[in-house]
Amino acid sequence: MYQIVPATVGDVGLSAMRQCTPPKKKRVDRQGRRMIIAGLIGAALVIVAVASWCYYSASLSKADLLKTELLDLSKEGFVIHNQAGAVIFRMSFRSGSLDLDSCSKEGRILSCSRSGAGNLNFFIETVKPKDTVMCYRVRWEELEAYRAVEHAMSYNGSHWYGGAETWSQHWPIVFAGNQEPKPFITSDIYSNRQAFGGILERYWLSSNATAIKINDSVPFHLGWDENSKTLRFQARYDNSPYKSDPGQPLRAELSYRVCVGYDVTSIHKYMVRRYFNKPNKVPSEAVFRQPIWSTWALHKTAVNQEKVLTYASEIKKHGFNWSHLELDDRYTSGYGEFEFDREKFPNASDMFQKLRDDGFKVTLWTHPFVNYNSTNFGVGVERGLFVREPSGELPALIRWWNGIGGILDFTNPETRDWYASHLRILKNKYGIASFKFDAGETSYLPQQFSTLMPLQDPSVFTRRYTEMAIPFNDRAELRSGYQSQNISCFFRIIDRDSLWGYDLGLKSIIPTVLTISILGYQFILPDMIGGNAYPNRTEGHQGLPDRELYIRWLELSAFMPAMQFSIPPWVYDDEVVEIAKKFTALHETLVAPRVLELASEVLDTGDPIIRPLWWIATDDEASYKIDSQFLIGDDLMVAPVLEPGKQERDIYLPAGRWRSYKGEHFDKGPIHLTDYPVDLDEIAYFVWSG
């Protein structure tokens, strides 16, 4: 029960509450309010500072994560620095931006799993194979089928070399206009001026001492943009001649290596030793020393027995030497035949015996085509020797410069045996020394085709064709090559026109020879002296190359690894004959011995025989742009006259001591010799003297 007690002091009853009045609130003065506000602001600033520090720390951590050695990765691409901190290589990602939150770093590998376009496999691995070289393995693989991968390499601020033979050849490379990425495959640039050439490798070299090598497995397309100064490297299977592994999804992968060295020469030497095939023997010494004489430019397809014997007789009569005589197109009754046309060559055996008695070795022209009207076309269809349509049921008909027919499938062992056996029969029956293997470019395959052994990269067809020359490699000649540096044959640059300029003319020879030398092909034929005298592509009179053009071409050829005549000097006049004798003798006594020394070194090093000036002057900016001079080895520099109507030229001598062919000494350097006199019967050359 409740007990009621009286209220005491401190108890508040109802009456007490009624009588009580609340106390007045104490006012906070202005100073106090300011202190409270200051405290609140200070607390907020502390919170912001802590958050900023955390964000900054995270950014530093992410920035550190995206660095590896001299490479910085961002979502848009990557850059590579040299030891001084300058950017020497820049690559941007055109197929999507990386999601940096998906990136991680483990040891020397940066990897990411997402881009703005979806999931992917991406990594950059740093490899340091030697103290002076740093390499970066880059791989971007899309996980969604049919999606292309594209990276864009900036070429601004440096000079680039390599890639492929082209119709308009320059040194360094000139990327004109804008080109959407197209298949980087071997092609006949004489029939398609916009294509890549018959000798081609996925390799480029920069004056900034950087090199890039695209992996063999990539369905590689190359484009460029002159405005942004970029090369576009693209991997795709859609609308492309490349094929993926059977049964595998069509997921494109772009993978490559970028290597950085101390200087351009040393990084190139590293790349060649690491990634290029090398020949296993030096071809015939005679071909390096004495000229080849071909029937092609002189007689074209009108060649016959009488003309061959007369040509050989004239060579001897005018006192020239020779390595061999090359019997070119149209000695058979049909394309795809392997026997002599009896109307044109009524007694081929006697002809060859006469040539042997006169000291001539003979090589024959051959090719991979069998025209539909050839007796061997039915044989090829019945035995399955041809490249086929995609279904594999029927042979694929193709058009080439001499008609329509099938193209032999050199992935098929039976085709290889059939073709090689016919060449051996010719060799044994007539005492043939070797063969000139024409064509072989991928561009002669149909757009859609099948081969016995599937070709993921169409250019492997070129490789298979070049292998057919191996049994005859002592004097064999090829005009196409892909990963074929170990085929120990002479590689001929594509047919030259009888013109002065860069478009397959005289000026194109040095840039083309330097380019394929950088690609690892060192036993080079610079095509026929004076060009091929094709109608509408010849500067001259009565179907002959211009006399001055012929002489200047002859002089340049004398300083190439091998010389090749077709249009003979005596169709001009006695002076041209004497100039030709002078330079064939100079080639044999001065050039060939040095070339043969260098040729033996190629087997071990792969180093060029014909070298650019920057090879010995890597810190000389001027040397990177000179396309009308070259070196044989490190100690013989050549400066031909390549302009009509000129008997002088400007010459650049890199630093060092040089002795001219006239006996002059130049001890300072580098030196520009302005309007240096060079008579019509001369070529300027200089020997390193220490």
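Q: At what angle do the axes of helix 6 and helix 7 cross, and within what distance do they come?
A: Two packed helices are described by the angle between their axes and the distance between those axes. Axes are lines fitted to C-alpha atoms, for helices over the stretch in contact, and angles run from 0 to 180 degrees between N-to-C directions. Here the axes of helix 6 and helix 7 (residues 348-357) cross at roughly 5° and come within 11 Å. That makes helix 6 roughly parallel to helix 7 (under 35 degrees is roughly parallel, over 145 roughly antiparallel, 65 to 115 roughly perpendicular, and the rest oblique). By the way, helices (H or I, at least four residues) and strands (E, at least two) are DSSP runs, numbered from the N terminus.

Q: Which residues of helix 6 and helix 7 meet?
A: Contact means heavy atoms within 4.5 Å. From helix 6 come Gln305, Val308, Leu309 and Ala312, and they meet Ala348, Met351, Lys354 and Leu355 of helix 7. Sorted by kind, the residues of this contact are six nonpolar, one polar and one charged.

Q: What kind of model am I looking at?
A: It's a predicted model, where local features need pLDDT of at least 70 and side-chain atom pairs count only at pLDDT 80 or more, while totals for chains, interfaces and linings use all residues. Residues are numbered from 1 along each chain as its sequence is written, and side-chain values use heavy atoms, with hydrogens and water left out.

Q: How many disulfides does a search of the whole structure find?
A: A disulfide is a pair of cysteine sulfur atoms within 2.5 Å. The search finds two. One joins Cys103 to Cys112, S to S 2.0 Å; the torsion about its S-S bond is about 105°, so this disulfide is right-handed. The other is formed by Cys135 and Cys259, with sulfur atoms 2.1 Å apart. This pair links distant parts of the chain, as Cys135 sits in strand 8 (residues 133-142) and Cys259 in strand 16 (residues 253-260), 124 residues apart.

Q: Is Ser323 buried or exposed?
A: Buried means under 20% relative accessible area, exposed over 50%, and partly exposed in between (1.4 Å probe, protein chains only). Ser323 has 5% relative accessibility, so it counts as buried. You'll find Ser323 in the loop between helix 6 (305-317) and strand 18 (324-327). Not counting residues up to four places away in sequence, Ser323 touches several others, including Ala286, Ile292 and Arg475.

How values were computed:
Nonpolar A, V, L, I, M, F, W, Y, C, P; charged D, E, K, R; others polar.
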